[in-house]
Amino acid sequence: RGHLDKQTEYQEKTVDTYRSVIKEFPNAPKIDEIRYYLGYHLYSMQRADEGVEAYRQVILQHPNSTLVPDALVNIGEYYFEENNAYKALLAYKKATVNREHSKYSFALYKLAWCYYNVGEYGKAINTMKSVVAYTQTQSDNKAKALELQDEALKDLVRFFADAGEMSEAYEYFNKLGKKELIRDMLKRLANMYLEQGKNEQAIQTYRRLINEN
């Protein structure tokens, strides 16, 4: 407990220091970083609302800062966790305007999920395809790019199935040489039909699975 109390005290002092600097030296060099790290510390202290407001100030006061995309992604994450898909979508969309920042592919990935969560299946599919295409071009941190690509492909199985876009899915996965994902999609689609009581469609899908393999 003593360790936690000390840590909280340290964090409070850090936050107070950042706020004092912002108030007394609003035009100081790297003040955008001070605002950003104020948001980071507030967020880590479970004061998410205050943290989000600090991130907003980075965007409003320093629109040309290199930290703006990071601030937008963090705001998007806050609303995503709060199940506010529309506000999360707006933040991620703004974060994907700049392709040069390190969180671009992650923001694009989460944007695809936001489209899916609000029922925009076509946009969700196209955006997730963009994630796959982008990660295929990445030479830096290849392992991380491949990991995100795998996640995006698995999620596309769900997106295609829920949208009922069979022809597009076949063409896309076959082009990538990912036939196993077609089987996964058909399984998901068959189960979905069963849950919805669409027995005839479920039977047709299971027959297609059998014919596939």
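# Close-ups of a predicted helical model

**View 1. Setting aside neighbours within four places in sequence, G51 touches G39, L42 and Y43.** Contact here means heavy atoms within 4.5 Å. You will find G51 in helix α3, which covers residues 48-61; helices are DSSP runs of H or I with at least four residues, and strands runs of E with at least two, numbered from the N terminus. G51 counts as buried because its relative accessibility is 0%. Buried stands for under 20% relative accessible area, exposed for over 50% and partly exposed for in between (1.4 Å probe, protein chains only). For a sense of scale, G51 and G122 are 71 residues apart in sequence, and their C-alpha atoms are 33 Å apart in space.

A word on all the views: this is a predicted model, with residues numbered from 1 along each chain as its sequence is written, and side-chain values use heavy atoms, leaving out hydrogens and water. Local features need pLDDT of at least 70 and side-chain atom pairs count only at pLDDT 80 or more, while totals for chains, interfaces and linings use all residues.

**View 2. Q11 sits in helix α1, residues 2-24.** Is Q11 buried or exposed? With 15% relative accessibility, Q11 counts as buried. Apart from neighbours within four places in sequence, Q11 is in contact with S44 and M45.

**View 3. Helix α5 (residues 85-95) packs with α6 at an angle of about 150 degrees.** The two axes are 9 Å apart; axes are lines fitted to C-alpha atoms, for helices over the stretch in contact, and angles between N-to-C directions run from 0 to 180 degrees. That angle makes α5 roughly antiparallel to α6 (over 145 degrees; under 35 is roughly parallel, 65 to 115 roughly perpendicular and the rest oblique). On the α5 side, the contact is made by A85, A88, L89, Y92, K93 and A95, and on the α6 side by A107, K110, L111, C114, Y115 and N117. Sorted by class, the residues of this α5 and α6 contact are nine nonpolar, one polar and two charged. Ala, Val, Leu, Ile, Met, Phe, Trp, Tyr, Cys and Pro count as nonpolar, Asp, Glu, Lys and Arg as charged, and the others, Gly among them, as polar. Within α5, the residues A85, A88, L89, A91, Y92 and A95 are buried. Their cover includes α4 (68-81) and α6.

**View 4. Helix α6 (residues 104-117) and α7 pack with their axes 7 Å apart.** Their angle is about 160 degrees, so α6 and α7 are roughly antiparallel to each other. Y104, S105, L108, Y109, L111, A112, W113, Y115 and Y116 in α6 meet Y121, K123, A124, T127, M128, S130, V131 and Y134 in α7. The contact of α6 with α7 has 13 nonpolar, three polar and one charged residues by class.

**View 5. V131 belongs to helix α7.** V131 counts as buried because its relative accessibility is 0%. Which residues does V131 contact, leaving aside neighbours within four places in sequence? They are S105, L108, Y109, L148 and A152. V131 and L148 are 17 residues apart in sequence, yet 8.1 Å apart in space, C-alpha to C-alpha.

**View 6. The structure holds 13 aromatic pairs.** One of them is formed by Y36 and Y37, an edge-to-face pair with 5.5 Å centre to centre and 85 degrees between the planes. Rings of Phe, Tyr and Trp (its six-membered ring) pair if their centres lie within 6.5 Å, and planes under 30 degrees apart count as stacked, over 60 as edge-to-face and the rest as tilted. Y36 is buried at 8% relative accessibility, whereas Y37 is partly exposed at 37%. The ring centres of F160 and F173 are 5.5 Å apart with planes at 80 degrees, so this pair is edge-to-face. F160 lies in helix α8 and F173 in helix α9, so the pair ties together parts 13 residues apart in sequence. Ring pairs also link W113, Y116, Y121 and F159 into a cluster.

**View 7. Helix α9 spans residues 166-176, and M166, A169, Y170, Y172 and F173 in this helix are buried.** F173 has a relative accessible area of 0%. The buried residues of α9 pack against α7 (121-136), α8 (142-163), α10 (179-195) and α11 (199-212). Just after α9, G177 takes a positive phi of about 70 degrees.
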